[in-house]
Amino acid sequence: MNPKDYLRQYRETVARIQSLTDHREELRTECDSLKRQSGERVRLDAAVARLVDTDAEIERQTDRMKLLQQEVSRIILMVTDADRRILLTLVYIEGRSLVETADIMSYSYRQTKRIHREALHDVAGILAQDARACDSEPV
């Protein structure tokens, strides 16, 4: 997995949770509507089952998100340059765009793209180092 995809996992999981949360609200609305209608017991039961499944999936994704945030943050903290760490945090933890990040960091967009490229290079090295360390550990 390339460094950008590795770092994006956290934000993608956050987006997945938001999507599931939106879906859960739609299901709750459907359940409320079906409760008021007589003769809709089968449809209500099915909607409640989908709601329970969605809640369980939100819980699984939330656990995954917490682990990913810890792991991505750990990798970012290993980047030695402070500007690169800040950029990675803004983009991959907070979900900012490079344009927003440039403004926050008071850099030009072009400079921000350069820092981003360098930061991803640093992350690639860290991930490779981590992979070598895992390969060399005794089982």
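Student: Where is Ser106 found?
Tutor: Ser106 sits in the loop between α4 and α5. Helices here are DSSP runs (H or I, at least four residues), and strands are E runs of at least two, numbered from the N terminus. This is a predicted model, where local features need pLDDT of at least 70, side-chain atom pairs count only at pLDDT 80 or more, and totals for chains, interfaces and linings use all residues. Residues are numbered from 1 along each chain as its sequence is written, and side-chain values use heavy atoms, with hydrogens and water left out.

Student: What is the phi of Ser106?
Tutor: Positive, about 60°, although Ser106 is not a glycine.

Student: Is Ser106 buried or exposed?
Tutor: Ser106 counts as exposed, at 65% relative accessibility. The cut-offs are under 20% relative accessible area for buried, over 50% for exposed, and partly exposed in between (1.4 Å probe, protein chains only).

Student: Now α3. Which residues does helix α3 cover, and what does it span?
Tutor: Helix α3 covers residues 82-93, which is 12 residues. At 1.5 Å a residue it should span 16 Å, and its end C-alpha atoms are 15 Å apart, which agrees. The expected span is 1.5 Å times one less than the number of residues.

Student: What caps the N-terminal end of α3?
Tutor: Asp81 does. One of its side-chain oxygens lies 3.1 Å from the backbone nitrogen of Asp83.

Student: And what follows α3?
Tutor: Gly95, with a positive phi near 80°.

Student: Which residues of α3 are buried?
Tutor: Arg84, Leu87, Leu88, Leu90, Val91, Tyr92 and Ile93.

Student: What does Leu88 contact?
Tutor: Setting aside neighbours within four places in sequence, Leu88 is in contact with Leu7, Ile76, Val79, Ile93, Ala119 and Val123. Contact means heavy atoms within 4.5 Å.

Student: How many residues are in the largest nonpolar core?
Tutor: It has 24 residues. Leu7, Val72, Leu87, Leu88 and Val123 have the most contacts inside it. A nonpolar core is a set of buried Ala, Val, Leu, Ile, Met, Phe, Trp, Tyr and Cys residues joined through side-chain atoms within 4.5 Å.

Student: Which elements give two or more residues to this core?
Tutor: They are α1, α2 (41-77), α3, α4 (98-105) and α5 (109-136). There is also a second, separate core of six residues, including Leu27, Cys31, Leu44 and Ala47.

Student: Why would such residues gather?
Tutor: In soluble globular proteins, nonpolar side chains tend to be buried together.

Student: Changing topic. How many residues does α2 have?
Tutor: It has 37 residues. From first C-alpha to last, α2 reaches 53 Å, close to the 54 Å expected at 1.5 Å a residue. Its buried residues include Leu51, Thr54, Ile58, Gln61 and Met65.

Student: Where is Thr13, and what does it contact?
Tutor: Thr13 is in helix α1 (residues 3-35). Leaving out neighbours within four places in sequence, Thr13 is in contact with Gln61, Arg64, Met65 and Leu68. Thr13 is buried, with a relative accessible area of 3%.

Student: How about Arg24, buried or exposed?
Tutor: Arg24 counts as buried, at 18% relative accessibility. Arg24 lies in helix α1 too. Not counting residues up to four places away in sequence, Arg24 touches Leu51, Thr54, Asp55 and Ile58.

Student: What do the side chains of Asp55 and Arg24 form?
Tutor: They meet in a salt bridge, 3.2 Å from N to O. A salt bridge is a side-chain nitrogen of Lys or Arg within 4 Å of a carboxyl oxygen of Asp or Glu. Asp55 lies in helix α2 and Arg24 in helix α1, so the pair ties together parts that are 31 residues apart in sequence. Arg24, Glu25, Arg28 and Asp55 are linked in a network of salt bridges.

Student: How many salt bridges does the structure hold?
Tutor: It holds 14. Among them, Arg84 and Glu118 meet at 3.1 Å, N to O. Arg84 lies in helix α3 and Glu118 in helix α5, so this pair ties together parts that are 34 residues apart in sequence.

Student: Which side chain meets Glu118 at 2.4 Å?
Tutor: Arg114, again in a salt bridge. Both lie in helix α5, four residues apart, about one turn of the helix. Glu118 is partly exposed, with a relative accessible area of 23%, and Arg114 counts as partly exposed at 30%.

Notes:
Polar contact = N/O pair within 3.5 Å; in protein donor to acceptor, adjacent residues only side chain to side chain.
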